[in-house]
Amino acid sequence: MTEYLTNYMNTVTEKLAKCSDKDELEDILAEHMDKIAFMQHERIVHFLVTFMFAVILCIFVAVMLFMSGSGNLASIGVMALVVIILVLEGFYIKHYYFLENTVQKMYRIYDEMLAKRRAMAGESK
């Protein structure tokens, strides 16, 4: 997803810079609106997964704290699960941060497209 989004952002920026036709701009704008909708959905899904993993992590940390007095094999297993979930949570947060920032960049590009559309409409009058 990261590579896909990075490539798309580079492509749409290049297209916008080279665009000089109003119909072409409308096509770029329509495609960009679709991509924004897809990425908003992706962002929501990743937020929910990240939140769910955070809740699961809290539950396992609580279980680990209650079992900390006993040095048995079960507490070692719970500790291993906490470490695994913590690492996964770190990767989910990193990816969610990327998605959030990229969607905000997409909004700024959308604003640039609207400004270019207004400029083109002003030239044609």
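This report describes the fold, the nonpolar cores and several individual residues of a predicted model.

## Overall fold

The chain contains three helices and zero strands. Read from the N terminus, its elements follow the order α-α-α. The radius of gyration is 23 Å, well over the 14 Å that the globule rule gives for 125 residues, so the chain is more spread out than a compact globule. Along the principal axes, the C-alpha atoms fill a box of roughly 80 × 20 × 15 Å.

Helix α1 covers residues 2-18 and helix α2 covers residues 22-67. Helix α3 takes in residues 73-124. Among contacts in the chain with a separation of 6 or more, 81% are accounted for by residues 24 or more positions apart.

## Surface and charge

Of the 125 residues, 26% count as buried. The accessible surface of the chain amounts to about 8,300 Å², and 67% of this belongs to carbon and sulfur atoms.

The chain carries 12 positive and 15 negative side chains. The centres of these two sets are 4 Å apart.

## The nonpolar cores

In soluble globular proteins, nonpolar side chains tend to be buried together. In this model the largest nonpolar core has 17 residues. The members that touch the most other members are Val12, Leu25, Met106, Ile109 and Met113. Helices α1, α2 and α3 are the elements that give two or more residues to this core. The most comes from α3, with six residues.

Another core lies apart from the largest one and has six residues. Leu57, Met64, Val78 and Val82 are among them.

## Around isoleucine 109 and histidine 32

Isoleucine 109 is one of the core members that touch the most others. Leaving aside neighbours within four places in sequence, isoleucine 109 is in contact with Met9, Val12, Thr13, Leu16 and His32.

Histidine 32 is part of helix α2. Its relative accessible area is 0%, under the 20% cut-off, so histidine 32 counts as buried. Not counting residues up to four places away in sequence, histidine 32 touches Tyr8, Val12, Met106, Ile109, Tyr110 and Met113. Val12, Met106, Ile109 and Met113 in that list are also named among the core residues that touch the most other members.

## Around threonine 50 and glutamate 89

Threonine 50 sits in helix α2. With 9% relative accessibility, threonine 50 is classed as buried. Its contacts, with neighbours within four places in sequence left aside, are Glu89, Tyr92, Ile93 and Tyr96.

Glutamate 89 belongs to helix α3. Glutamate 89 has a relative accessible area of 7%, and because this is under 20% the residue is buried. Leaving aside neighbours within four places in sequence, glutamate 89 is in contact with Thr50, Phe53 and Ala54. Glutamate 89 and methionine 52 are 37 residues apart along the chain, and their C-alpha atoms are separated by 9.5 Å.

## Residues with more open surroundings

Phenylalanine 91 is located in helix α3. Its relative accessible area is 55%, over the 50% cut-off, so phenylalanine 91 is exposed.

Alanine 74 is partly exposed, with a relative accessible area of 40%. Alanine 74 and methionine 64 are 10 residues apart in sequence, and the C-alpha to C-alpha distance is 9.3 Å. Methionine 64 is one of the six residues in the core that lies apart from the largest one.

Valine 61 is found in helix α2. At 29% relative accessibility, valine 61 is partly exposed. Valine 61 and isoleucine 109 are 48 residues apart in sequence and 42 Å apart in space, C-alpha to C-alpha.

Technical notes. Residues numbered from 1 in each chain as written. Predicted model: local features only at pLDDT ≥ 70, side-chain atom pairs only at ≥ 80, totals over all residues. Heavy atoms only, no water. Helix = DSSP H or I, 4+ residues; strand = E, 2+ residues; numbered from the N terminus. Buried < 20%, exposed > 50% of the residue type's maximum accessible area, 1.4 Å probe, protein only. Rg over C-alpha atoms; globule rule 2.2 N^0.38 Å. Contact = heavy atoms within 4.5 Å. Areas by Shrake-Rupley, 256 points an atom, 1.4 Å probe, with all protein chains shown as cover. Lys, Arg positive; Asp, Glu negative; His and termini not counted. Charge placed at Lys NZ, Arg CZ, Asp CG, Glu CD. Core = buried A, V, L, I, M, F, W, Y, C linked by side-chain atoms within 4.5 Å.
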